[in-house]
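Colleague: Before we go further, I would like a close look at a single part, the interface between the chains. Please take it piece by piece and keep the account connected.

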There are 2 protein chains.
Amino acid sequence: MKQSLGPKSLGFPAPVVLVGSYDRHGTPNIMTAAWVGICCSSPPCVSVALRRATSTYQNISDRKGFTINTPGVRHLKQVDYAGVVSGAHENKFLATGLTPVHSDLVDAPYVDECPLVLECKLVQSLELGLHTQFVGEVIDIKADPGILDSADIPDLKKLGPILYAPGMRVYFALGESLGKAHVVGRK
Amino acid sequence: MKQSLGPKSLGFPAPVVLVGSYDRHGTPNIMTAAWVGICCSSPPCVSVALRRATSTYQNISDRKGFTINTPGVRHLKQVDYAGVVSGAHENKFLATGLTPVHSDLVDAPYVDECPLVLECKLVQSLELGLHTQFVGEVIDIKADPGILDSADIPDLKKLGPILYAPGMRVYFALGESLGKAHVVGRK
């Protein structure tokens, strides 16, 4: 017999990313986010949901561009810090020691230390309540060669991403491989 | 020096869920999805992106309700199978042996074997291209008591969810705990 928990924003592990953006003065900012997902394959799109109170919300609204940067577990402390502090009060690139790189494709900086970077052009904004969901079309992906397999596909095991468990408020690593999709179920 | 991979729909591990819905005859259907995410905290909302060609797309459009069911790794074979076969050709509840339970709150069935279930009312549809993103407000969450901690919060480590690595097309388990959010970065 299942137990009712009421309406809550949890249910599955959420990927942890850094959202890169510029403010009106061109100062680069990062913000940690987990309310993120892939939402279209063609054109490739990703979504990120932000509170209106964040600097990143204003930056994306103004600049129409952002980056989604996937950090590895070795940057966990910086990642957690960038989710606590506001860009309105602190330059989080300086505070974390992470390095902003200007994207040539969208009006946003990416994080050099993150092995996998999505450069996104804002295509939709959806007001949902406390959060606004921004949908970005992925214009390009940039990856560190060290995380690519022989077919130039990012190997998430080499990257070592961070997952977030909503409700628990605990970070997790990625675990062991369970097999190929569309293969394991055919047996 | 980062390598350009072009625009692709990948970037981070995506949670694997089963989407529950009814067709026009009231037949329950499930579909495996990973283009999913939390997109608002208040009201709690989740999004799932589906191709128009799927039975689930039509079902959610008609019924304005769906469930997001988080399976554990012990159901990996059924989960993968439900992502390959179309509900138009097969009753996937019967084929997988999973059990549909009628939700009292939304017009959709949930999967009894999944330890964590979100009952969702359709609130937005966003046409993005190949995929349409459905946003559902979470009306209730139902959980197996065995995955709850002492504060009735779902413990994802007990649940043992499945992650999907886009591009690689490989499933992964959840790994080890890395610490509490908003704590590890304060050190």
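**The interface of chain A and chain B**

Modeller: Chain A and chain B bury about 8,200 Å² between them, 67% of it on carbon and sulfur atoms; buried area is the accessible area, taken with a 1.4 Å probe, that two parts lose on being put together, summed over both. Of the area that chain A buries against chain B, A:Lys2, A:Phe12 and A:Ile38 supply 11%, more than any other three residues.

This is a predicted model, in which local features need pLDDT of at least 70 and side-chain atom pairs count only at pLDDT 80 or more, while totals for chains, interfaces and linings use all residues. Residues are numbered from 1 along each chain as its sequence is written, chains are lettered from A and ligands numbered from 1 in the order in which they are written, and side-chain values use heavy atoms, with hydrogens and water left out.

If contact is taken as heavy atoms within 4.5 Å, 96 residues of chain A touch 96 residues of chain B.

Strand E13 of chain A (residues 170-180) gives the largest share of the side that touches chain B, 11 residues, with helices (H or I, at least four residues) and strands (E, at least two) taken as DSSP runs numbered from the N terminus.

Four salt bridges cross the interface, each defined as a side-chain nitrogen of Lys or Arg within 4 Å of a carboxyl oxygen of Asp or Glu. One salt bridge is that of B:Lys2 with A:Asp144, whose closest N and O atoms are 2.9 Å apart.

The strands join the chains as well, where pairing requires that DSSP find at least two bridges between two strands. An open sheet of six strands runs in the order E2(A)-E12(A)-E13(A)-E13(B)-E12(B)-E2(B), with antiparallel pairing. Strand E2 (14-15) of chain A and strand E2 (14-15) of chain B stand at the edges, each with a single partner strand, so one side of each is left without a neighbour in the sheet. Within chain A, strand E12 (residues 162-165) pairs with E13(A) in the antiparallel sense over four bridges, and A:Leu163 has A:Phe172 as its bridge partner in E13(A). Elsewhere, strand E11 (residues 131-143) of chain A is joined by three bridges to strand E1 (residues 3-6) of chain B, the two running antiparallel, and B:Gly6 is the partner of A:Ile141 in E1(B).
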